[in-house]
Amino acid sequence: MSKSRWRKVKMEMIEWEDATGDSGWSSDHEAAPLGELLVIRSIGYVIKDTEKVVTLAQSIDNGGDHNTDNRLSIPQSIIVRRDVLKSE
């Protein structure tokens with residue numbers, strides 16, 4: 001088995017504000033509180049970083065095309081915090 005080379009890709013932890021929602025019929029006083037934003041923490045390989053969006057991939061292979069899997073694009077405008085993680 002030959003060794004393929006890993007592409008140098010930065011890993012980051014990103015915290016971002018997410019919207020909350022509700023569905024179904026209920027009165028206003030029975031409805032779940034929707035006024036608070038949730039902060040989500042995502043960790044992954046940064047495969048795209050533009051003025052408008054950061055795209056993280058959960059997995060990346062070491063083949064010639066460096067395919068990625070489980071991608072998440074986060075608008076820059078809702079990012080609260082970004083930390084670069086140590087990777088090989």
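The dialogue below takes up the core, the strands and the salt bridges.

Guide: This is a predicted model, so local features need pLDDT of at least 70, side-chain atom pairs count only at pLDDT 80 or more, and totals for chains, interfaces and linings use all residues. Residues are numbered from 1 along each chain as its sequence is written, and side-chain values use heavy atoms, with hydrogens and water left out.

Visitor: Which residues make up the largest nonpolar core?

Guide: A nonpolar core is a set of buried Ala, Val, Leu, Ile, Met, Phe, Trp, Tyr and Cys residues joined through side-chain atoms within 4.5 Å. Buried means under 20% relative accessible area, exposed over 50%, and partly exposed in between (1.4 Å probe, protein chains only). Here the largest core has 7 residues: Ile14, Trp16, Val46, Val54, Leu56, Ile74 and Ile79. Strands (E, at least two residues) are DSSP runs, numbered from the N terminus.

Visitor: What does Ile14 touch?

Guide: Contact means heavy atoms within 4.5 Å. Leaving out residues up to four places away in sequence, the contacts of Ile14 include Val54, Leu56, Ile74 and Ile79. Arg41 and Arg82 are also among them.

Visitor: Is E3 mostly covered or mostly open, and which strands pair with E3?

Guide: Two strands pair if DSSP finds at least two bridges between them. E3 is mostly covered, with 6 of its 8 residues buried. Strand E2 (residues 38–49) runs antiparallel to E3, joined by 4 bridges. A hairpin of 3 residues connects E2 to E3. Val46 sits opposite Leu56 of E3. E3 also pairs with strand E4 (residues 68–75), antiparallel, over 7 bridges. There, Ile60 has Thr68 as its bridge partner.

Visitor: How many salt bridges are found in the whole structure?

Guide: A salt bridge is a side-chain nitrogen of Lys or Arg within 4 Å of a carboxyl oxygen of Asp or Glu. The whole structure has 5. In one of them, Glu12 meets Arg82 at 2.7 Å, N to O. Glu12 lies in strand E1 and Arg82 in strand E5 (residues 79–85), so the pair ties together parts 70 residues apart in sequence. Glu12 is buried at 3% relative accessibility, whereas Arg82 is partly exposed at 28%. Lys10, Glu12, Asp49 and Arg82 form a salt-bridge network.

Visitor: What does Glu15 form with Arg41?

Guide: A salt bridge, with the closest N and O atoms 2.5 Å apart. Glu15 is buried at 13%, while Arg41 is exposed at 55%.
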